[in-house]
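Biologist: I have a structure open and would like to learn how to read its features. Could you walk me through it?

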Amino acid sequence: MPATYTFIASNTLSTSAASVTFSSIPSTYTDLVLRMSPRDTQGATDSQCFIKPNSNSGTVYTDTRMTGNGSTAISTRNASNANGNVVGFYSASSATANTFGSLEVYIPNYAEAAVKQIVTFGTAESNAAEVRLSVTGGLFNNTTAISSLLINAGNNFVAGSSFFLYGIKNT
Amino acid sequence: MDKVIVNCSTGETTIVPLTAEEIAQREAEIAQVQAERLAAEAEAATKAAARQALLDKLGITQEEAALLLS
């Protein structure tokens, strides 16, 4: 179990943005935790965001995801794609006004020279419509230590969306 | 369309416009993601309809089918 949970950096958007990147992440932790509370400008109830460690644009991302909306469960797998590991669903412009999604990304052993797990869970929020949630087991198939995280919005993150990065040490 | 970069060493945040190449890449990724999502949802809807049609043919409910398989 982690012995520490240390704040590294955060940003609450003052204007809409297509992506948020945490750069120059220190290599002194064991694991990384990214917590997000975003909303999107996409014309839908929810949107999906993706994460690319080191902004890697190769076909190095594989994930298996379970999605539910209260009536239908869907299991999907995307192997060796270049879009990034899916983080999950979050509220978009057709969701209840001023609601935001809640998402978490866990990346163990991010600084090691080995392929990395990327585990995510998250949900949109809307008081007036169905809400999707998802759990994802992902693989970043690259052995370079992670020093930056690029989070791509489904369309654009709205102002007020927030992103918090934490480091965990096992001692 | 901008990107936000948070430097974890300095705490500095910068806002940078996306390049034309980055915009093109994003648009391609968004189109692919939307297509995959629609395909997965369509497949789930097709399976659900087929499942219901079979239950109707058998004259049993979903709960009764689950009981048979338990």
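**Cavities, sheet and rings**

Modeller: By class, 4 nonpolar, 7 polar and 3 charged residues make up the lining of the largest cavity. Keep in mind that this is a predicted model.

Biologist: How does one find such a space, and how many cavities of 30 Å³ or more are there?

Modeller: Rolling a probe the size of a water molecule over the atoms shows where empty space is left. Here the count is 2 cavities of 30 Å³ or more. The largest cavity holds about 140 Å³ of space. It has 14 lining residues, and those closest to its centre are Phe50(A), Ala153(A), Gly154(A), Ile30(B) and Val33(B).

Biologist: Which elements give two or more residues to that lining?

Modeller: In chain A they are β4 (46–53) and β11 (149–157), and in chain B α1 (20–58). The most comes from α1(B), with 6 residues.

Biologist: And what lines the second largest cavity?

Modeller: That cavity has a volume of about 40 Å³. Its lining includes Phe50(A), Asp63(A), Asn78(A), Val33(B) and Glu36(B). Two or more residues come from β6 (73–81) of chain A, and likewise from α1 of chain B. By class, this lining has 3 nonpolar, 4 polar and 2 charged residues.

Biologist: Let's turn to the sheet. What is the order of its strands?

Modeller: Read across the open sheet of 8 strands in chain A and you get β1-β12-β3-β8-β9-β10-β5-β6, with antiparallel pairing. At the edges are β1 (6–12) and β6 of chain A, each pairing on one side only. From one strand to the next, the twist averages 15 degrees. For a close look, take β5 (residues 61–68) of chain A, which 7 bridges join to the antiparallel β6(A). There, Thr64(A) has Arg77(A) in β6(A) as its bridge partner.

Biologist: How should I read the aromatic pairs?

Modeller: A pair of aromatic rings is described by the distance of the centres and the angle of the planes. Over all chains there are 6 aromatic pairs. One of them, Phe7(A) with Tyr166(A), is edge-to-face, at 6.1 Å centre to centre and 75 degrees between the planes. Phe7(A) sits in β1 and Tyr166(A) in β12 (residues 162–168) of chain A, so the pair ties together parts 159 residues apart in sequence.

Biologist: Is Tyr166(A) buried or exposed?

Modeller: Tyr166(A) is buried, with a relative accessible area of 18%, whereas Phe7(A) is partly exposed at 45%.

Terms used. Residues numbered from 1 in each chain as written. Chains lettered and ligands numbered in written order. Predicted model: local features only at pLDDT ≥ 70, side-chain atom pairs only at ≥ 80, totals over all residues. Heavy atoms only, no water. 1 Å grid on protein atoms, 1.4 Å probe; cavity = no way out; pocket = protein on both sides within 12 Å on 5 of 7 lines; lining within 4 Å. Points joined across faces, edges and corners; volume = space filled by probe spheres on them. Helix = DSSP H or I, 4+ residues; strand = E, 2+ residues; numbered from the N terminus. Nonpolar A, V, L, I, M, F, W, Y, C, P; charged D, E, K, R; others polar. Pairing = 2+ DSSP bridges. Axes fitted to C-alpha atoms, helices over the stretch in contact; angles between N-to-C directions. Phe/Tyr/Trp six-rings, centres within 6.5 Å; stacked < 30°, edge-to-face > 60°. Buried < 20%, exposed > 50% of the residue type's maximum accessible area, 1.4 Å probe, protein only.
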